[in-house]
Amino acid sequence: MQVVPFSPIASGLLSGKITTGTKFDAVDDVRKFVPQLTKENIAANQPILL
């Protein structure tokens, strides 16, 4: 299976800045609405990043 990340640099996923414990700002951070950045999806993608 191949994974194509959705804006991984801008979202902080590839840098390791975003983890399952990351809390996005309730008002201004659109990343809280991005399905790829739900806790479940972050956890599923982390092994690929290592």
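A salt bridge here is a side-chain nitrogen of Lys or Arg within 4 Å of a carboxyl oxygen of Asp or Glu. With that in hand, a search of the whole structure turns up one salt bridge, and one of the views below shows it.

A word on the source: this is a predicted model, in which local features need pLDDT of at least 70, side-chain atom pairs count only at pLDDT 80 or more, and totals for chains, interfaces and linings use all residues. Residues are numbered from 1 along each chain as its sequence is written, and side-chain values use heavy atoms, with hydrogens and water left out.

**View 1**
Helices (H or I, at least four residues) and strands (E, at least two) are DSSP runs, numbered from the N terminus. Of the 50 residues in the protein chain, 20% are buried; buried means under 20% relative accessible area, exposed over 50%, and partly exposed in between (1.4 Å probe, protein chains only). The protein chain exposes about 4,000 Å², with carbon and sulfur atoms supplying 62% of it. That area comes from the Shrake-Rupley method with a 1.4 Å probe. Now take the contacts (heavy atoms within 4.5 Å) with a separation of 6 or more: residues 24 or more positions apart account for 36% of them.

**View 2. Asp29 and Arg31 form a salt bridge.**
The closest N and O atoms of this pair are 2.8 Å apart. Side chains of opposite charge can pair when their charged atoms come close. The two side chains are also joined by a polar contact of 2.8 Å; that term means a pair of N or O atoms within 3.5 Å, where within protein one must be able to donate a hydrogen and the other to accept it, and residues adjacent in sequence count only if both atoms are side-chain atoms. Is Asp29 buried or exposed? Asp29 counts as buried because its relative accessibility is 14%. Arg31, at 23%, counts as partly exposed. Look along the chain from Arg31 as well: Gly12 is 19 residues away, and the two C-alpha atoms are separated by 9.8 Å.

**View 3. Lys17 belongs to the loop between α1 (8-11) and α2 (39-49).**
Lys17 has 65% relative accessibility, so Lys17 counts as exposed. Which residues does Lys17 touch, not counting those up to four places away in sequence? They are Gly12 and Thr22.

**View 4. Thr19 is in contact with Ile42 and Gln46.**
Those contacts leave aside the neighbours of Thr19 within four places in sequence. Thr19 itself is placed in the loop between α1 and α2. Thr19 and Ile42 are 23 residues apart in sequence, but C-alpha to C-alpha they are 6.6 Å apart in space. With a relative accessible area of 33%, Thr19 is partly exposed.

**View 5. Asn41 lies in helix α2.**
Setting aside its neighbours within four places in sequence, Asn41 is in contact with Pro35 and Gln36. How far is the backbone oxygen of Pro35 from a polar atom of the side chain of Asn41? The distance is 2.6 Å. Asn41 and Thr20 are 21 residues apart in sequence, with 8.8 Å between their C-alpha atoms. Asn41 counts as partly exposed, at 33% relative accessibility.
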